[in-house]
Amino acid sequence: QVQLVETGGGLVQAGGSLRLSCTASGIIFSTKVMEWYRQAPGKQRELVASIYTRGGTDYADSVKGRFTISRDNAKNTLYLQMNSLKPEDTGVYYCRARELFDQKGGSWGQGTQVTVSS
């Protein structure tokens, strides 16, 4: 069945970098919009970045210039390169796969914890 598995989270100091990966199975990966969300304790889940089937991207204002979303369709893998990390980037990061016009549906991974210390 559909499975999204996030890896690459961890503990880093402010100013450091991490690269998250999301490996997908059970979907036609190249046809999906892929997204990263994050959720801090006590806060709502927020959209961090999206990448479309032809490679176009969108970013939350809070991460523009610091994060880069990319995909490798041959590997069925989504990436989030996170640079210049700040403590406010701390949270559980989730991978999502969806159809372009299916704003409510899609599939989710289990999440990976990112902690940025000051």
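Tutor: Here it is, and bear in mind that this is a predicted model.

Student: Is E35 buried or exposed?

Tutor: E35 counts as buried because its relative accessibility is 2%, under the 20% cut-off. R98 is buried as well, with a relative accessible area of 9%.

Student: And which residue does D89 form a salt bridge with?

Tutor: D89 forms a salt bridge with R38, and the closest N and O atoms are 2.9 Å apart. This pair also links distant parts of the chain, since D89 is in the loop between β8 (77–82) and β9 while R38 is in strand β4, 51 residues apart. D89 is buried at a relative accessible area of 0%, and R38 counts as buried at 6%.

Student: Which residues are linked with R38 in a network?

Tutor: The network of salt bridges links R38 with E46, R66 and D89.

Student: How many salt bridges does the structure hold?

Tutor: The structure holds seven, including one in which the side chains of D61 and K64 meet at 3.0 Å, N to O. D61 is exposed, with a relative accessible area of 65%.

Student: Changing topic, where is I28 found?

Tutor: I28 is in the loop between β3 (18–25) and β4 (33–39), and I28 counts as exposed because its relative accessibility is 59%.

Notes. Residues are numbered from 1 along each chain as its sequence is written. This is a predicted model: local features need pLDDT of at least 70, side-chain atom pairs count only at pLDDT 80 or more; totals for chains, interfaces and linings use all residues. Side-chain values use heavy atoms; hydrogens and water are left out. Helices (H or I, at least four residues) and strands (E, at least two) are DSSP runs, numbered from the N terminus. Buried means under 20% relative accessible area, exposed over 50%, partly exposed in between (1.4 Å probe, protein chains only). A salt bridge is a side-chain nitrogen of Lys or Arg within 4 Å of a carboxyl oxygen of Asp or Glu.
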